[in-house]
Amino acid sequence: MARRRQLYEGKAKILFEGPEPGTLVQYFKDDATAFNAQKKGVITGKGVLNNRISEFIMTRLAEIGVPTHFVRRLNMREQLIREVEIIPLEVVVRNVAAGSLSTRLGIPEGTPLPRSIVEYYYKNDQLGDPMVAEEHITAFGWASVQDLDDIMALSLRVNDFLTGLFLGVGIRLVDFKLEFGRLWENDEMRIVLADEISPDSCRLWDIKTNEKLDKDRFRRDLGKVEEAYQEVARRLGILPEAGMRDLKGPETMQ
Ligand SMILES: Nc1ncnc2c1ncn2[C@@H]1O[C@H](COP(=O)(O)OP(=O)(O)OP(=O)(O)O)[C@@H](O)[C@H]1O
Ligand SMILES: [Mg+2]
């Protein structure tokens, strides 16, 4: 295959130029980072699983009318996506107290929240992705009031849908992070869901045992990290065709 032009290498994914204008290829790596990249490691097979899991979730969301950047999966580690102008925000939706919410506000991890809470973080690694208010977002022009309305409405729809989807397979959706982008079509702009939705970007707890099935196993050195990602894929019914054997997938793609 012709060597494609690499546009960006992030911590978990690489973006390549896509086959047509306005498209990109998103390649999922096994690399894992936490705490703003202070902790680094590899989760074998993660890229293959996250490619699959994100495909599955974005496809289900598209079916209920949530616009996403996802076009189609290309192979074990790559998917074709629409290129968007990423809004520099990480949108976090929380249903149960965990992580930074518990640390900052002293609410014990696992406490159900009285209602879902949406938080915004400014995507800026140098600043450590600081939490921001709508006031900062609109004042500094990262998104308009209308953009934020759309982002909030989409985030809550995604939350309702994913909460039910995961509940159906015995998993509690504790919290998750979304990224959105602007997509132009004939001079009209739409906000669409971008990036990925996977155990890298969600907290997923077994409904019965509260066992963590997400990146917290890596962050907190809980062990059985690969197994947790596999378990999520297994429960969603989407382990790769070749089964566990083939989780590493092809190493090269350029
Ligand atoms: N449809 C899209 N069009 C353009 N960029 C996208 C799209 N979807 C995701 N991205 C961006 O591609 C990158 C994916 O790489 P990765 O997640 O590894 O980055 P990262 O190391 O987390 O860095 P960042 O802080 O930029 O998210 C991210 O910067 C993400 O915002
Ligand atoms: Mg990222």
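Domain bounds in this report come from an automatic or database domain assignment. The structure is a predicted model.

## Domain organisation

The assignment divides the chain into domain 1 (6-84 + 224-246) and domain 2 (85-206). The centres of domain 1 and domain 2, taken over C-alpha atoms, are separated by 18 Å. Where the two meet, 21 residues of domain 1 are in contact with 27 residues of domain 2. On the side of domain 1 that touches domain 2, the elements giving two or more residues are helix 1 and helix 6. Helix 1 accounts for the largest share of that side, with 7 residues. Sorted by class, this side of domain 1 has 13 nonpolar, 5 polar and 3 charged residues.

## The pairing of helix 1 and helix 6

Helix 1 (residues 46-63) and helix 6 (residues 225-236) are also paired with one another: their axes come within 10 Å and cross at roughly 35°. The crossing of helix 1 past helix 6 is left-handed. On the helix 1 side, the contact is formed by Lys46, Leu49, Arg52, Ile53 and Phe56, and on the helix 6 side by Tyr229, Gln230, Val232, Ala233 and Leu236. The residues of this contact comprise 7 nonpolar, 1 polar and 2 charged.

The segment after helix 6 contains Gly237. Gly237 counts as exposed because 8 other C-beta atoms lie within 10 Å, and the limit for that class is 12 or fewer.

Ligand 1 has 19 residues around it, of which Gly10, Lys11, Lys13, His69 and Ala194 come nearest. Both domains take part in this shell, since at least three residues are drawn from each of domain 1 (6-84 + 224-246) and domain 2 (85-206). Strand 2 (13-17), strand 7 (78-82) and strand 12 (171-185) each contribute at least two residues to the shell. By class, the shell around ligand 1 holds 8 nonpolar, 3 polar and 8 charged residues.

Most residues other than glycine have a negative phi. Asn186 has a positive phi of about 45° although it is not a glycine, and Asn210 has a positive phi of about 65°, likewise without being a glycine. Asn186 is located in the loop between strand 12 and strand 13 (188-194). Asn210 belongs to the loop between strand 14 (202-206) and helix 5 (216-219). Asn186 is exposed, because 4 other C-beta atoms lie within 10 Å. Asn210 is exposed as well, with 12 other C-beta atoms within 10 Å; a count of 12 or fewer places a residue in this class.

Lys212 is found in the loop between strand 14 and helix 5. Lys212 is buried, because 21 other C-beta atoms lie within 10 Å, and the class begins at 20 or more. Apart from neighbours within four places in sequence, Lys212 is in contact with Trp205, Arg217, Leu222 and Ala228.

Ile87 occupies the loop between strand 8 (85-86) and strand 9 (89-96). Ile87 is buried, because 22 other C-beta atoms lie within 10 Å. Its contacts, not counting residues up to four places away in sequence, are Trp142, Ala143, Asp147, Phe180, Gly181 and Arg182.

Arg4 lies in the segment before strand 1 (6-9). With 18 other C-beta atoms within 10 Å, Arg4 is partly exposed.

| Pair | Separation in sequence | C-alpha to C-alpha distance |
|---|---|---|
| Gly237 and Phe161 | 76 residues | 17 Å |
| Lys212 and Ser198 | 14 residues | 14 Å |
| Ile87 and Gly41 | 46 residues | 28 Å |
| Arg4 and Met131 | 127 residues | 36 Å |

Terms used. Residues are numbered from 1 along each chain as its sequence is written. Chains are lettered from A and ligands numbered from 1 in the order in which they are written. This is a predicted model: local features need pLDDT of at least 70, side-chain atom pairs count only at pLDDT 80 or more; totals for chains, interfaces and linings use all residues. Axes are lines fitted to C-alpha atoms, for helices over the stretch in contact, and angles run from 0 to 180 degrees between N-to-C directions. Helices (H or I, at least four residues) and strands (E, at least two) are DSSP runs, numbered from the N terminus. A crossing is left-handed if the near helix is turned anticlockwise from the far one by less than a right angle, and right-handed if clockwise. Two residues are in contact if their C-beta atoms, placed from the backbone, lie within 7 Å. Ala, Val, Leu, Ile, Met, Phe, Trp, Tyr, Cys and Pro count as nonpolar, Asp, Glu, Lys and Arg as charged, and the others, Gly among them, as polar. A residue is near a molecule or strand if its C-beta atom, placed from the backbone, lies within 6 Å of it.
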